[in-house]
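Please look through the model below with the following points in mind.

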Amino acid sequence: MTFFNRDEQLNILGKDIIEAIKIEFSELTNEQIAITWLVYDLPMAGNIKNPTEFWQQQVRGWSDRGDERMYAGGMVHLFYLIAIYEWLEKGMVKTSAELERAIRDMVVYSSNDATGLVVDVLTGTTSGPEISSGPFQTWKYQRNFVNRYFQSLKWPELKSINVNQKTWCDGPYGRERMFQGLLMENRNILTTHSTARLLHSVVGGVAVSPLASQKMMSLFKKNSGQDELRDRGKEQAIGFLDDSLPPDANVWSKGIRDSQVRHNFAYIELPNIKPYLLVVFTEGKNLSQNERIMPYISQKFVEAMKKLELTSAG
């Protein structure tokens, strides 16, 4: 069971795309990529319903390895973003200029320092040296606060995820290193399905509240003149799904890369094409450094969306 309807037409197109990707990037193995694709036959913008009604109206979709667990990298920012807006909405934390700055920098610039502050606020924990067993047990329980929130939603797509770690440049130290585990077995783990479902709820205006969803969408909006972003975080901005889209595309997205992964999600609106949502995870050093793969994948999905339009017109 998935939150979307598995569509045979999308299945045929999706399988063709996977084959094309494997031919174009021969170094790619099956275990290094996962994709979830949703197509909006009805526009989402301005069509906000109550959450129950929203989830009853399933969109069409397709996935390849959509429920495979992969290292999250900066994709965890989406989950921390939704959590912090939930905490603010419920009055569990108070907003401040510094928290708002951290939220923005976490999402727009993929700042590890900003993410650290957001995680501290969400969980009431702080980084630091190793601590003794008793206090450490309490610290670990608090740090899993966000995990418990997402598990409380009872969504099957969220069962296998782990979102309890900060993001790092040089890696964790002290209690953070102890918490991650000797083999990093407690690192952040996501699937493209879990990411797609959360993004879908934001696009649909039912993540936390319509106003919160609107604020989150504004943080993901890409503008054609984002020179500031490209200057501040070149490694975050180049080689992603929006790079191969035409200038008149409206895109809400986030792309991240580090030494292990290159991940991307995007909600895309193009003229004369149905809106669609795409989540692509790629894992492995060879792919994390490959600036061609995401734009190539994006172009293939644009072609697939055009074929859908021709089919529906016919």
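1. Seven strands make up an open sheet of mixed pairing, in the order E1-E3-E2-E9-E8-E7-E6. Strands here are DSSP runs of E with at least two residues, helices are runs of H or I with at least four, and both are numbered from the N terminus; two strands pair if DSSP finds at least two bridges between them. Strand E1 (5–6) and strand E6 (221–222) stand at the edges with a single partner strand each, so one side of each has no neighbour in the sheet.

2. The model is predicted: local features need pLDDT of at least 70 and side-chain atom pairs count only at pLDDT 80 or more, while totals for chains, interfaces and linings use all residues. Residues are numbered from 1 along each chain as its sequence is written, and side-chain values use heavy atoms, with hydrogens and water left out.

3. Strand E8 (residues 261–269) and strand E9 (residues 276–283) run antiparallel and are joined by eight bridges. Within this pairing, Tyr267 stands opposite Leu277 in E9. Helix H1 (residues 8–24) packs on the sheet and touches E1, E2 and E3, where contact means heavy atoms within 4.5 Å. The direction of H1 makes about 30 degrees with that of E3; axes are lines fitted to C-alpha atoms, for helices over the stretch in contact, and angles run from 0 to 180 degrees between N-to-C directions.

4. How many aromatic pairs are there? Rings of Phe, Tyr and Trp (its six-membered ring) pair if their centres lie within 6.5 Å, and planes under 30 degrees apart count as stacked, over 60 as edge-to-face and the rest as tilted. By this rule the count is 17. Trp37 and Trp62 are edge-to-face because their planes are at 75 degrees, with the centres 6.4 Å apart. Trp37 is in strand E2 (residues 33–39) and Trp62 in strand E3 (residues 60–64), so their pair ties together parts 25 residues apart in sequence. Trp37 is buried at 0% relative accessible area (buried is under 20%, exposed over 50%, partly exposed in between; 1.4 Å probe, protein chains only), and Trp62 is buried at 4%.

5. Trp139 and Phe179 also form an edge-to-face pair, at 5.2 Å centre to centre and 90 degrees between the planes. Trp139 belongs to helix H6 (residues 133–143) and Phe179 to helix H8 (residues 175–180), so parts 40 residues apart in sequence are tied together. Trp139 is buried at 6%, and Phe179 is buried at 5%.

6. Ring pairs also link Phe3, Phe4, Phe54, Trp55 and Trp155 into a cluster. The charged end of Arg197 sits over the ring of Trp155, 4.0 Å from its centre (the rule asks for NZ of Lys or CZ of Arg within 6 Å of the ring centre and within 35 degrees of the ring normal).
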